[in-house]
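Here is a briefing on aromatic pairs, helix packing and backbone details. Please keep the sequence and the 3D view at hand.

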Amino acid sequence: MNADFQKVIEALDIKFLRARYVQIQRPFVIKNFCDVDNALFLLHKGDISLRIGEELIEAQEGDILFIPAGKQAYIAYGKGEGAEELTYEDYLARRDEFFLSVQDGALYPRLEDSFSYITFSARIFDAVSFFANLDIPPFIISREAGLQRQVEDIMREEFEQSIGKERMLKNKTEELVIGILRYIVANNLFMEKLATNMNYFKDPRLIDILNYIKNYLSGDLSNKVLASVANISEDYVGQYFKAMMGINPQDYIEYQRMEKAVELLRTTKKSIREIGREVGYKDTAYFCRRFKMMFGISAGKMRKRTSLMNV
C-alpha cells in the first residue's frame, strides 16, 4: 500500500482553487451539499456538524471536515432551535442570508461562528479526480494540529498580496493534500476502499483510456473506440473498466463531461448550447436535463456562482 501511495504522490496534479474566511450569520442545514471540487472546512469557533451514516457528528474547534469532489453531504451550520433545512439549490439562491465572507485578514481567525473554506482539485495524471474515484466518503479530521496549521497558512497567504502568491498557494495546497493522505493511512481509514480502487496504478491500459477520454470529451467515446485505445476486445472493455474503476465507462464519461461543463460555465462566456456541444452533447435540452439531474441545479444557476462560499 505504501508503494501505491508513493505513486499517488508522484502522479497527482494538485491545484489550489479558492479560499474564504466565512462567518455563520444564522443556523441552517444543507441537506445535499455537493461540489465538483474537493472542499475542506476548518472550524475555528462555533458549531458545524456532518452526518456520517445515520449519526450527526459535531465537529470540535480545530477539526476539519473534508468533502471529496462529487460526494453529497448533510452539513449543519450553527446551533439553535429553528435551524432552516435547505436543499443545495435553495441555499444557492439565498446564501447571503446565512454566510458572510470576511475580507479583513486582521480578523483571521478570531471571529465567533467562523470557519476557513478551501477548495482544490487533485487529479491522477491530470486525467481522473483522485478522491472521487477512490470513493472516499465525507469525514472529519479530528484535532490534527499539523493540518490545521497548513490550512491557516493557506488562508493567510490568500489574504496577502505578496509576490509569488500563486506559487506559494500551489505549494502549500500540495503539502495539505499529502497531509490528508498521511492522516488517512496513519488512522487506517477506508483502507479496503483504497486497496480496491488503487488498481489503476497497476495497468497502463486504463491510464491510456482515461487520458483519451479527457482529451476527446466531445468526440466518439463508445466502447468500441475505448477498446481500440486499450488494445482489448470491445466485448471486454466495459467489464475491464468497471473492474478497475468501480463504474461503467459510459457513466464515468458522463461525469467527466459534466465536470468539464462546470469548468466552462465558471471560466468562459460561452453559451450553454456551445458548452453542451463542446463536452459531447448535440441535444442542448438533453444536456440541461442531465446536468440538473447530476448536480441538483440548472446549468444557468451554476453559472451564476463561482463557488459555494463566494458570498
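The points below are grouped by topic.

This is a predicted model, in which local features need pLDDT of at least 70, side-chain atom pairs count only at pLDDT 80 or more, and totals for chains, interfaces and linings use all residues. Residues are numbered from 1 along each chain as its sequence is written, and side-chain values use heavy atoms, with hydrogens and water left out.

**Aromatic rings**

- A search of the whole structure finds 28 aromatic pairs. Rings of Phe, Tyr and Trp (its six-membered ring) pair if their centres lie within 6.5 Å; planes under 30 degrees apart count as stacked, over 60 as edge-to-face and the rest as tilted.
- Phe241 and Tyr252 form a tilted pair, because their ring centres are 5.4 Å apart and their planes stand at 55°.
- This pair links distant parts of the chain: Phe241 lies in helix H9 (residues 234–245) and Tyr252 in helix H10 (residues 249–267), 11 residues apart. Helices (H or I, at least four residues) and strands (E, at least two) are DSSP runs, numbered from the N terminus.
- Phe241 is buried at 0% relative accessibility. Tyr252 is buried too, with a relative accessible area of 2%. Buried means under 20% relative accessible area, exposed over 50%, and partly exposed in between (1.4 Å probe, protein chains only).
- Phe287 and Phe291 pair edge-to-face, with centres 6.0 Å apart and planes at 65°. Both lie in helix H12 (residues 284–295), 4 residues apart, about one turn of the helix.
- Which residues do ring pairs link into a cluster? They are Phe28, Phe33, Phe41, Tyr77, Tyr88, Tyr91, Phe98, Phe99, Phe115 and Tyr117.
- The charged end of Arg51 sits over the ring of Tyr74, 3.9 Å from its centre. A charge sits over a ring if NZ of Lys or CZ of Arg is within 6 Å of the ring centre and within 35 degrees of the ring normal.

**Helix packing**

- The axes of H7 (residues 204–215) and H8 (residues 223–230) come within 8 Å and cross at roughly 130°. That makes H7 oblique to H8. Axes are lines fitted to C-alpha atoms, for helices over the stretch in contact, and angles run from 0 to 180 degrees between N-to-C directions.
- Angles under 35 degrees count as roughly parallel, over 145 as roughly antiparallel, 65 to 115 as roughly perpendicular and the rest as oblique.
- The H7 and H8 crossing is right-handed. A crossing is left-handed if the near helix is turned anticlockwise from the far one by less than a right angle, and right-handed if clockwise.
- On the H7 side of this contact are Arg205, Asp208, Ile209, Tyr212 and Ile213; they meet Val225, Leu226, Val229 and Ala230 in H8. Contact means heavy atoms within 4.5 Å.
- H7 also packs with H9: their axes come within 11 Å and cross at roughly 100°. These two helices are therefore roughly perpendicular to each other.
- Arg205, Leu206, Ile209 and Leu210 of H7 make the contact with Val237, Tyr240, Phe241, Met244 and Met245 of H9.
- H10 and H12 pack at about 95°, with axes 11 Å apart. They too are roughly perpendicular to each other.
- In H10, Glu254, Tyr255, Met258, Ala261, Val262 and Leu265 meet Phe287, Arg290, Phe291, Met294 and Phe295 in H12.

**Backbone details**

- Tyr108 and Pro109 are joined by a cis peptide bond, with omega about -10°. Pro109 is in the loop between strand S9 (99–101) and strand S10 (114–124).
- Arg143 has a positive phi of about 50° although it is not a glycine. Arg143 lies in the loop between strand S12 (139–141) and H4, and is exposed at 58% relative accessibility.
- Asn188 has a positive phi near 55°. Asn188 sits in the loop between helix H5 (165–186) and helix H6 (191–197), and is exposed at 59%.

**Individual sites**

- Gly146 is in helix H4 (residues 145–159). Gly146 is partly exposed at 28% relative accessibility.
- Gly146 and Gly179 are 33 residues apart in sequence and 8.1 Å apart in space, C-alpha to C-alpha.
- Ser49 is in strand S4 (residues 48–52) and is buried, with a relative accessible area of 10%.
- Not counting residues up to four places away in sequence, Ser49 touches Leu56, Ile57, Glu58, Ala59, Tyr74, Ile75 and Ala76.
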